[in-house]
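Here's a quick walk through a fold, with the cut-offs spelled out as they come up. Have the viewer open while you read.

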Amino acid sequence: MRILIAEDDTISRFFLEKTLQKLGHSVTSCKDGGEAWKAYMATDYPMIISDWMMPETDGLELCRRVRRQNRASYCYFMMLTARTSKTDFLEAMTAGADDYLTKPLDADEIEVRLRMAERMLVLKGASGGSPGGAVNFKL
């Protein structure tokens, strides 16, 4: 899967990028939300993994911008952050995040979360790609 990363910390970005590549994903890395926004507008990404606290455009604003787009395909947005409070979690989910992980990155946890994200993207595709679309199953 093609994944766009927005992370301002060089070491965290490098570790996340290498972890995702090791899992077989194609990764585009950006050093802040503004750079990630430009990359997202230029190319269709099925997934974004973003830090929250970044210069120029933070992860929350990046998420809001992504959600305001009316693209045919759905973009799964995962927030990966050092912010650990319930209020932070609720704010990110209200802004449109699909998942919320706290740092430090756990390679096993992100692998499992990525599998779940891929299943969700398949379901979103089955529903026409709309974020709130219903999926009809035949029994």
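## Starting from V66

Let's begin inside the protein: V66 touches W37, Y40, I48, C75 and F77, leaving out residues up to four places away in sequence. Contact here means heavy atoms within 4.5 Å.

A word on provenance: this is a predicted model, where local features need pLDDT of at least 70 and side-chain atom pairs count only at pLDDT 80 or more, while totals for chains, interfaces and linings use all residues. Residues are numbered from 1 along each chain as its sequence is written, and side-chain values use heavy atoms, with hydrogens and water left out.

V66 is one of the residues with the most contacts inside the largest nonpolar core, along with L4, I48, L62 and F77. That core has 22 residues. A nonpolar core is a set of buried Ala, Val, Leu, Ile, Met, Phe, Trp, Tyr and Cys residues joined through side-chain atoms within 4.5 Å. As for burial, buried means under 20% relative accessible area, exposed over 50%, and partly exposed in between, using a 1.4 Å probe and protein chains only.

Another core, of 17 residues, lies apart from it and includes I49, M78, L114 and A117.

## Overall layout

The protein has 5 helices and 5 strands, running β-α-β-α-β-α-β-α-β-α from the N terminus on. These are DSSP runs numbered from the N terminus: helices are H or I with at least four residues, strands are E with at least two.

Of the 139 residues, 42% count as buried. Among contacts between residues at least 6 apart in sequence, 59% join residues at least 24 apart.

The strands form an open sheet of 5, in the order 2-1-3-4-5, with parallel pairing. Two strands pair if DSSP finds at least two bridges between them. Strand 2 (26–30) and strand 5 (99–102) are the edge strands with a single partner each, so one side of each has no neighbour in the sheet. From one strand to the next, the twist averages 20 degrees. Helix 1 (residues 10–22) packs on the sheet and touches strand 1, strand 2, strand 3 and strand 4; its direction makes about 170 degrees with that of strand 2. For such angles, axes are lines fitted to C-alpha atoms (for helices, over the stretch in contact), and values run from 0 to 180 degrees between N-to-C directions.

Strand 3 (residues 47–50) pairs with strand 1 in the parallel sense over 4 bridges, and its pairing with strand 4 is also parallel, over 4 bridges. L4 stands opposite I48, A6 has S50 as its bridge partner, and I49 stands opposite M78 in strand 4. In a regular strand, side chains alternate between the two faces of the sheet. Both faces of strand 3 are covered: M47 and I49 on one side, I48 and S50 on the other, are all buried.

## Helix 3 against helix 4

Helix 3 and helix 4 pack at an angle of about 25 degrees, with their axes 9 Å apart. They are therefore roughly parallel to each other; angles under 35 degrees count as roughly parallel, over 145 as roughly antiparallel, 65 to 115 as roughly perpendicular and the rest as oblique.

Helix 3 brings L60, C63, R64 and R67 to the contact, and helix 4 brings E91, A92 and A95. By class, that makes 4 nonpolar, no polar and 3 charged residues. Ala, Val, Leu, Ile, Met, Phe, Trp, Tyr, Cys and Pro count as nonpolar, Asp, Glu, Lys and Arg as charged, and the others, Gly among them, as polar.

Two backbone spots are worth a look. The K103 to P104 peptide bond is cis, with omega near 5 degrees, and P104 is in the loop between strand 5 and helix 5 (107–126). E56, in the loop between strand 3 and helix 3, has a positive phi near 65 degrees despite being a residue other than glycine. At 64% relative accessibility, E56 counts as exposed.

Is T19 buried or exposed? T19, in helix 1, is buried at 10% relative accessible area. Beyond its neighbours within four places in sequence, T19 is in contact with L105, A107 and I110. T102, in strand 5, is partly exposed at 35% relative accessibility. T102 touches L80, T81, R83 and T84, not counting residues up to four places away in sequence.
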